[in-house]
Amino acid sequence: ELPFAKEALEPHMSANTLDFHHGKHHNAYVVKGNELLADANISAVSLEELVKETAKADGPLFNNVGQHYNHSFFWNILGPAGTAPSGDLAAAIDATFGSLDALKEQVNNAGVTRFGSGWAWLYVTADKKLAVGSTANQDSPLMGEAVAGIGGTPVIGVDVWEHAYYLNYQNKRPDYL
């Protein structure tokens, strides 16, 4: 279930988009991932561990698990009312990027310049620094730099697959971001 009503993100993301994005695309990753997981010999006990374990082998199970993780993360950071970060996170954003607006610009640029489908991320690196990057397809910073090109703990993830924005913004990814 979404942690908010489908209409809660309008006008930025319509209930119709959420029906397709969450109800069809994300649901398909969960259903197929569960089918594939039933036949797999996996020892992971959390979704994060499952992503890391299946990423090593790549393939259909990882494709579905990775998308499930990314989408679940995405839904849980969205909400109807935007609030600016505060406390330690606000201080780290200012120290790293100069301002919240500068961070938004970098995240948007990461999303706009991602060729094809993928994700734009704000993440914490292994040395506890904030960084911005993007990953292709179902990859995330959680998988590590050797696999995903960036590595760390996600703080914000923005879906830049076309199904995330096409109904509201057609092919205008910058407008969506």
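When neighbours within four places in sequence are left aside, Y176 is in contact with M13, F74, V158, D159, A164, Y165 and Y169. The structure described here is a predicted model. Y176 also belongs to the largest nonpolar core, which has 37 residues; together with L18 and V51, Y176 touches the most other members. At least two residues of this core are supplied by each of helix 2, helix 3, helix 4 (87-97), helix 5 (100-112), strand 1 (118-124) and strand 2 (130-136). Helix 3 gives the largest share, with 7 residues.

One of the core residues named above, V51, lies in helix 2, where L50, V51, T54 and A55 are buried. These four residues are on the same side of helix 2, because the arc they cover around the axis is only 130°. In an α-helix, residues three or four places apart point the same way, since there are 3.6 residues a turn. The cover over the buried residues of helix 2 includes helix 1 (15-38) and helix 3. After helix 2 comes D58, which has a positive phi, near 60°.

The packing of two helices is described by the angle between their axes and the distance between the axes. For helix 2 (residues 47-57) and helix 3 (residues 59-77), the angle is about 145° and the axes are 8 Å apart. Their crossing is left-handed. On the side of helix 2, the contact is made by L47, E48, L50, V51, T54, A55 and A57, and on the side of helix 3 by G59, L61, F62, V65, G66, H68 and Y69. By residue type, this contact of helix 2 with helix 3 comprises 9 nonpolar, 4 polar and 1 charged.

Y69 counts as buried because its relative accessibility is 6%, which is under the 20% cut-off for burial. Apart from neighbours within four places in sequence, the residues in contact with Y69 are L47, E48, V51, S140, L142 and P154.

How values were computed. Residues numbered from 1 in each chain as written. Predicted model: local features only at pLDDT ≥ 70, side-chain atom pairs only at ≥ 80, totals over all residues. Heavy atoms only, no water. Axes fitted to C-alpha atoms, helices over the stretch in contact; angles between N-to-C directions. Left-handed = near helix turned anticlockwise from the far one by under 90°. Contact = heavy atoms within 4.5 Å. Nonpolar A, V, L, I, M, F, W, Y, C, P; charged D, E, K, R; others polar. Core = buried A, V, L, I, M, F, W, Y, C linked by side-chain atoms within 4.5 Å. Buried < 20%, exposed > 50% of the residue type's maximum accessible area, 1.4 Å probe, protein only. Arc of directions from axis to C-beta.
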